[in-house]
Amino acid sequence: MVQLSTGDMLRAAVAQGTPVGLQAKAVMDRGELVSDAIVSALIGERLDAAGDAGIIFDGFPRTREQAEALELLLTERGRSLDHVIELGVDENALVERIAGRFSCAKCGAGYHDRFKPPLRDGVCDRCGSAEFCRRPDDNEETVRRRLAEYRAKTAPILPFYDERGLVRHVDGMGAVETVAA
């Protein structure tokens with residue numbers, strides 16, 4: 001299966017300096033969500049490139065309009081959704097999880113201030129580098145703003161999919177192994 005992470009796709013477009021990336025950068029830097037039209041265009045391109053492979057959508061759709069656009073994109077390609085997974089997580093725990101993450105600037109190994117620090121303080125376990133970085137949007141203020149956006153715009157699409165019998169609710173507060181299973 002192919003994982004389509006809209007966040008990763010948008011960050012790649014920003015890093016490459018594409019026209020979509022430049023449009024998205026200003027919006028993302030403010031901690032806001034990129035327009036439905038931009039995200040839908042990226043998704044359509046990736047669906048075409050994926051061929052017949054199964055798709056996992058990560059971070060999409062985020063609005064009712066995006067859900068309707070996704071339905072159209074899939075229908076045009078003779079595809080449909082099998083499941084929608086909602087990971088339920090306490091908001092304060094989610095802020096801690098996101099705001100505490102960082103990575104090695106050299107090899108990309110992922111870490112967390114509390115849950116997965118490097119074995120040796122300030123030294124990457126994988127490559128030995130002492131250079132680490134954090135995404136500029138991984139801070140409490142931005143995460144809380146995004147959670148407010150989620151409550152206002154994304155949570156309301158769950159009934160759209162629930163009516164179709166697609167929603168699977170997963171308690172995201174359990175152990176990593178349990179949630180993954």
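This is a predicted model: local features need pLDDT of at least 70, side-chain atom pairs count only at pLDDT 80 or more; totals for chains, interfaces and linings use all residues.
Okay, helices first. In general, when two helices pack, we describe them by the angle between their axes and the distance between those axes. So let's do that for helix α1, residues 6-16, and helix α2, residues 19-29: their axes come within 8 Å and cross at roughly 115°. That angle makes α1 roughly perpendicular to α2. And the handedness? The crossing of α1 and α2 is left-handed.

Which residues of α1 and α2 make the contact? From α1, you've got Leu10, Arg11, Ala13 and Val14. From α2, look for Gly21, Ala24, Lys25 and Met28.

The crossing of α3 and α4 is right-handed.

On the α3 side, the contact is made by Asp36, Val39, Ser40, Ile43, Gly44 and Leu47. On the α4 side, Glu65, Gln66, Ala69, Leu70, Leu73 and Leu74 take part. Sorted the same way, the contact of α3 with α4 has seven nonpolar, three polar and two charged residues.

Let me stop at one of those, Gln66, which sits in helix α4. Is Gln66 buried or exposed? Gln66 is buried, with a relative accessible area of 2%. What does Gln66 touch, leaving aside its neighbours within four places in sequence? Its contacts are Val34, Asp36, Val39, Phe60 and Pro61.

Back over in helix α3, have a look at Leu42. Leu42 is buried as well, with a relative accessible area of 14%. Not counting residues up to four places away in sequence, Leu42 touches Met9, Leu10 and Val20. You've already met Leu10, in the contact between α1 and α2. As for Ala26, it is 16 residues from Leu42 in sequence, and the two are 17 Å apart in space, C-alpha to C-alpha.

One more residue, Gly59. You'll find Gly59 in the loop between β2, residues 55-58, and α4. Gly59 is partly exposed, at a relative accessible area of 25%. Thr142 is 83 residues from Gly59 along the chain, and their C-alpha atoms are separated by 16 Å.

Last stop, the sheet. As a reminder, strands of a sheet pair through backbone hydrogen bonds, either parallel or antiparallel. What order do the three strands of the open sheet here follow? The order is β5-β4-β6, and the pairing is antiparallel. That puts β5 (110-112) and β6 (132-133) at the edges, each with a single partner strand, so one side of each is left without a neighbour in the sheet.

Zooming in on one pair, strand β4, residues 101-104, is joined to β5 by three bridges, and the two run antiparallel. If you want a spot to look at, Arg101 stands opposite His112 in β5.

Terms used:
Residues are numbered from 1 along each chain as its sequence is written. Side-chain values use heavy atoms; hydrogens and water are left out. A crossing is left-handed if the near helix is turned anticlockwise from the far one by less than a right angle, and right-handed if clockwise. Helices (H or I, at least four residues) and strands (E, at least two) are DSSP runs, numbered from the N terminus. Contact means heavy atoms within 4.5 Å. Ala, Val, Leu, Ile, Met, Phe, Trp, Tyr, Cys and Pro count as nonpolar, Asp, Glu, Lys and Arg as charged, and the others, Gly among them, as polar. Two strands pair if DSSP finds at least two bridges between them. Axes are lines fitted to C-alpha atoms, for helices over the stretch in contact, and angles run from 0 to 180 degrees between N-to-C directions. Angles under 35 degrees count as roughly parallel, over 145 as roughly antiparallel, 65 to 115 as roughly perpendicular and the rest as oblique. Buried means under 20% relative accessible area, exposed over 50%, partly exposed in between (1.4 Å probe, protein chains only).
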